[in-house]
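Hi,

Here is the structure I promised to pass on. Have a look at it first, and then read my notes below.

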Amino acid sequence: MVKCGPYLCHRTIGKGAISKVFLATQEDDASICALKVMKKKKNCEKYTEQFAQKEAKILKAVAHPNIINLLKFCEDETYDEGGIHHRKVAYMALEYARNGDLVNMLRRFGKFPETLARFYTIELIKAVEHVHFKGYSHLDLKPDNVLFDSEFNLKICDFSLSSERKMIKIKRGTKMYCPEEIFTSEYYHGPSTDIYAIGMIIFVMVTGHLPFREPELKDLRYRYLQNKSFEKFWEVTCKTKSSKYATRFYTEEFKNLFVWILSPSAVERPSLAEIMEHDWLCQEAMSREDAIDYFKQFE
Ligand SMILES: Nc1ncnc2c1ncn2[C@@H]1O[C@H](COP(=O)(O)OP(=O)(O)OP(=O)(O)O)[C@@H](O)[C@H]1O
Ligand SMILES: [Mg+2]
């Protein structure tokens, strides 16, 4: 078994560019956590330390019930893969989100009814509002970084790309969830980038799929959104493969909010407060208890 400082790593629950996340227990009291381990490559030790330090610093600064809690950070530890391989790592012990990420949730339970998606959209906005209030932009919001704990509370994670700057130059994030200005402007506005990604996440929760194959003009559905040909966009989106006659149904309020958030121009996008006041979010939403009951019926 892999050992990392006082933690025993039981299985891998996530993998990223420079990190691996394990389900781990602390040796002395067997308490469970998610251990995000960043291996230090030769000649890049300082870089990994600084990278990990930055994420840990932000996680501490943004503590909130809808943001994954940092339990412990260590910038220099030995990672022992069974006696022979000792490696130097930095790690973060995080609150463990037992129900995994949104990708995993959609696989298990299918797309969310709008009343459930509305409940989680409010939770997501509360988290992002807090991050922005603390002066940061997340910059990598996507279903993989939206987690659910054992009580199905939503918690955002992965602040490795987050920034304190409002106007950002470095291109970062996951292309599918990034607005175009990241690639076309010299500087882009961090909070508007997060808002765009929230729109993508809402769409994925409600429909169970992405709104387009790739964010490129050669992609028909993306082009419809960019050209504001919304009727055509929804016509294609609502068509089902299974039957020529059946169409998927989404409320007008949902459609209206989604295309507003995905506005190609950052200044046209709603603020978080405007999203909260939008008609779609003012309709009936499941409560936390309803959400738990909803998931339990699948057991
Ligand atoms: N606290 C946690 N509880 C449960 N699962 C987690 C937790 N943290 C991370 N995971 C899982 O591990 C995956 C990767 O974690 P995370 O996003 O923090 O790292 P990453 O994408 O590797 O980041 P980086 O960009 O730093 O390489 C997540 O998508 C999620 O599935
Ligand atoms: Mg991630």
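The first thing to find is a closed barrel of 6 strands, running S1-S2-S3-S4-S6-S5 with antiparallel pairing. Neighbouring strands of this sheet are turned by 45° against each other on average, direction ignored. Before going on, bear in mind that this is a predicted model: local features need pLDDT of at least 70 and side-chain atom pairs count only at pLDDT 80 or more, while totals for chains, interfaces and linings use all residues. Residues are numbered from 1 along each chain as its sequence is written, and chains are lettered from A and ligands numbered from 1 in the order in which they are written.

A few words on terms. Strands (E, at least two residues) and helices (H or I, at least four) are DSSP runs, numbered from the N terminus. Two strands count as paired if DSSP finds at least two bridges between them.

S2 and S3 run antiparallel, joined by 7 bridges, and they form a hairpin with 3 residues between them. Here Tyr7 has Gln26 in S3 as its bridge partner. S3 and S4 are also antiparallel, with 7 bridges; Val21 stands opposite Lys36 in S4. Their hairpin has 5 residues between the strands, and Ala30 in the turn has a positive phi of about 60°.

Next, S4 pairs with S6 in the antiparallel sense over 6 bridges. Lys36 has Met92 in S6 as its bridge partner, and Lys39 has Val89.

What surrounds ligand 1? The shell has 22 residues, and the closest are Gly14, Gly16, Ala34, Asp158 and Ser160. (A residue is near a molecule if its C-beta atom, placed from the backbone, lies within 6 Å of it.) Strands S2 (7-15), S3 (19-26) and S4 (32-39) each supply at least two residues of the shell. Ligand 1 lies between domain 1 (2-94) and domain 2 (102-296), because both give residues to its shell; the domain bounds come from an automatic or database domain assignment. By class, the shell has 11 nonpolar, 6 polar and 5 charged residues, where Ala, Val, Leu, Ile, Met, Phe, Trp, Tyr, Cys and Pro count as nonpolar, Asp, Glu, Lys and Arg as charged, and the others, Gly among them, as polar.

Last, the helices. H3 (residues 114-133) and H5 (residues 190-207) pack at about 165°, with their axes 10 Å apart. That makes H3 roughly antiparallel to H5 (angles over 145 degrees count as such). Axes are lines fitted to C-alpha atoms, for helices over the stretch in contact, and angles run from 0 to 180 degrees between N-to-C directions.

Cheers

Methods. Parallel < 35°, antiparallel > 145°, perpendicular 65-115°, else oblique.
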